[in-house]
Amino acid sequence: MPGTVREQVASPLDTAADRMLADRAADGDLRAFEVLVRRYGPLMRVYATRVLGSNDETDDVVQESFITAWQQLGRLEDGNAVKSWLMRIVSRKSIDRLRVRRQHVNIDDTDAPAPERTAPHALAEVESQTEALARVLAALPEDQRRCWTLREIAEYSYGDIAAELNLPTSTVRGLLARARKTLLREMEEWR
Amino acid sequence: MTELTPADRRFVTFDLDDTDREEAGLNGHTIEQLSDYLDRGGLPADPSIDDSPDCEIALRGLERLRRAQLSLLERDLKRESLRNDSWVASVLENISLEAHAGREIPLAHSSPTARLVVTEGAVRGILRETGDRLENILVGRCVLVGDVSVPGEPITISVDATVFPGQNIPAVAEQLRQAMYVALGKYTELVVAAIDITVSDLYTAPDASAHEQER
Amino acid sequence: MSPVHPSTDELDQVVRRVAGVNSLYPAGPLRAKVVTATLGALTHRLPAASVVVRTQGADGVRVTAKIGITADESAGEVSRRVHDAIAAHLRQSGDPAVAEITVIVARIG
């Protein structure tokens, strides 16, 4: 039956290679598709949450991404590339969301609020490097965060990021360099 | 903890806006170059980086950032993996078989007003199920080659399959072919001229694909 | 295409009762589904209940049923039974002119 989660019985499909799963899903196999959803859904959720800067819309974006993936799987030529293909879909959906959001919000307000800079040393005691990074990432200007996330989570090349965001590669390079330096500096603050 | 090693020294030599000052503090390099150098695993070795204490400090900073990045990703992935399954169910509820129904394959009936069909998607499904009931083989893509819409027109079936290691590939493939003929005969009225089975690659061990989830 | 005939619910039951049928999917083009939904809203019935589509054209009644079947029997056998059950039901309820009865087997097993 469509729409039901099968009982978790160990099946060779659970550990099948991406290409096998993508091929079967393209043929309409819901079970293979479910394995892909479980395999890459968490990464897509992390990605969407990171780009959108909050959890509120993650469910919608990831769900829409998988619905699109299901409909378009037949057009994916190399099933081995299903992971990056899925990341591209969730990336597009996330960026679309940001665009819609921006239409409702004053341009000046789109950047996340500046992080609390008042007492970094007091915080350093309780905050691990990981949490520090999460904070600093969330406070990056939106364009930098988007580039950084595409690079680090979706594993895009500079050229892919440029194409995706419709920016010159040199701009992407600059945004990433700036993000990297900001992150480095902030990490130093929290050491 | 008494000596001030480069690792402990504060790294303050870069500037967000001024590349000249950045290069001046990094022995002629930029953070971006050092990051690329780190990506390449420090190869080919560049003495102007390796021998510079300032670059070494910056590289340590970059490595620390990378570790933090990885552990943040791991933490987030773990959190997402531990979530309850409801979102998976909700994804599956919202997709439809329609998208992969494919062509309509006629089934005979004596009445002129009857139009009975089985979808290509349903036939591919039964071919997969047939493969899944056998051991040591996984069926991938199944293609119905030919004009399936014309009753009695001979068609061929093209099947990709993966055989588990240590199996006699021709024997397993033949077993699959026979099982598929039986299934097609039972569930459809297709005239099947041949079933071509391509064993594309060996079944990869669980580790390999589980590894894909990490990075 | 004229609106969906109100008795499609009965046809749903007729199709569901046929041996070998294990599921019934919404059939027909989107437009027909929208009409079904509207009808459901008007009469306070669940729109999802009407999944067999019945329309009245100039040349007669058209019925479309999309089904899933068990793996016990062939798609041909079960779909013929479904067709015959629909045809018999139409004969018993007014015996209208029949333009076409379509049965789509969308899933096996």
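**Helix packing, chain contact and local backbone features**

In chain A, Tyr158(A), Ile161(A) and Ala162(A) of helix α8(A) meet Thr169(A), Val172(A), Arg173(A), Leu176(A) and Arg180(A) of helix α9(A). Sorted by class, this contact comprises 5 nonpolar, 1 polar and 2 charged residues. Helix α8 of chain A covers residues 158–165 and helix α9 of chain A residues 169–189; the two pack at an angle of about 110 degrees, and their axes are 9 Å apart. Since angles of 65 to 115 degrees are classed as roughly perpendicular, α8(A) and α9(A) are therefore roughly perpendicular to each other. The model in which this packing is described is a predicted one.

The loop between α8 and α9 of chain A contains Asn166(A). Asn166(A) is not a glycine, yet its phi is positive, at about 60 degrees. Most residues other than glycine have a negative phi. Asn166(A) has a relative accessible area of 69% and is therefore exposed, the cut-off for this class being over 50%.

Chain A as a whole contains 9 helices and 0 strands, so that its elements, taken from the N terminus on, read α-α-α-α-α-α-α-α-α. The chain has 191 residues, of which 53% count as buried. Among the contacts in chain A with a separation of 6 or more, 67% are between residues 24 or more positions apart. The accessible surface of chain A amounts to about 8400 Å², and carbon and sulfur atoms account for 47% of that surface.

Two further residues of chain A were examined individually. Arg97(A) is placed in helix α4 of chain A, which covers residues 82–104. With a relative accessibility of 18%, Arg97(A) counts as buried, because the class takes in values under 20%. Residues up to four places away in sequence aside, Arg97(A) touches Leu52(A), Val61(A), Glu57(A), Asp60(A) and Glu64(A). Ser54(A) is located in the loop between α2 (30–52) and α3 (58–72) of chain A. The relative accessibility of Ser54(A) is 23%, and Ser54(A) therefore counts as partly exposed. Ser54(A) and Ala138(A) are separated by 84 residues in sequence, while their C-alpha atoms are 8.9 Å apart in space.

In chain B, Glu120(B) is found in helix α6, which spans residues 120–133. Glu120(B) has a relative accessible area of 8% and is therefore buried. Apart from neighbours within four places in sequence, the residues in contact with Glu120(B) are Ala101(B), Gly102(B), Arg103(B), Ile105(B) and Leu144(B). Elsewhere in chain B, the peptide bond that joins Leu43(B) and Pro44(B) is cis, with omega at about -15 degrees. Most peptide bonds are trans. Pro44(B) belongs to the loop between α2 (31–39) and α3 (47–50) of chain B.

Chain C contains 3 helices and 4 strands, arranged along the sequence in the pattern α-β-α-β-β-α-β. Of the 109 residues in chain C, 48% are buried. Residues 24 or more positions apart provide 77% of the contacts in chain C with a separation of 6 or more. Asp95(C) has a positive phi of about 50 degrees and is not a glycine. The position of Asp95(C) is in the loop between α3 (75–92) and β4 (98–108) of chain C.

Chain C also makes a contact with chain B, to which chain C contributes 23 residues and chain B 19 residues. The size of an interface is often given as the accessible area lost when the parts come together. For chain C and chain B, the buried area is about 1800 Å², and 54% of this comes from carbon and sulfur atoms. On the side of chain C, the residues that lose the most area to chain B are Arg80(C), His83(C) and Ile108(C), which together give 27% of what that side buries.

Note on methods
Residues numbered from 1 in each chain as written. Chains lettered and ligands numbered in written order. Predicted model: local features only at pLDDT ≥ 70, side-chain atom pairs only at ≥ 80, totals over all residues. Heavy atoms only, no water. Buried < 20%, exposed > 50% of the residue type's maximum accessible area, 1.4 Å probe, protein only. Contact = heavy atoms within 4.5 Å. Areas by Shrake-Rupley, 256 points an atom, 1.4 Å probe, with all protein chains shown as cover. Axes fitted to C-alpha atoms, helices over the stretch in contact; angles between N-to-C directions. Parallel < 35°, antiparallel > 145°, perpendicular 65-115°, else oblique. Nonpolar A, V, L, I, M, F, W, Y, C, P; charged D, E, K, R; others polar. Buried area = accessible area lost by both parts, 1.4 Å probe.
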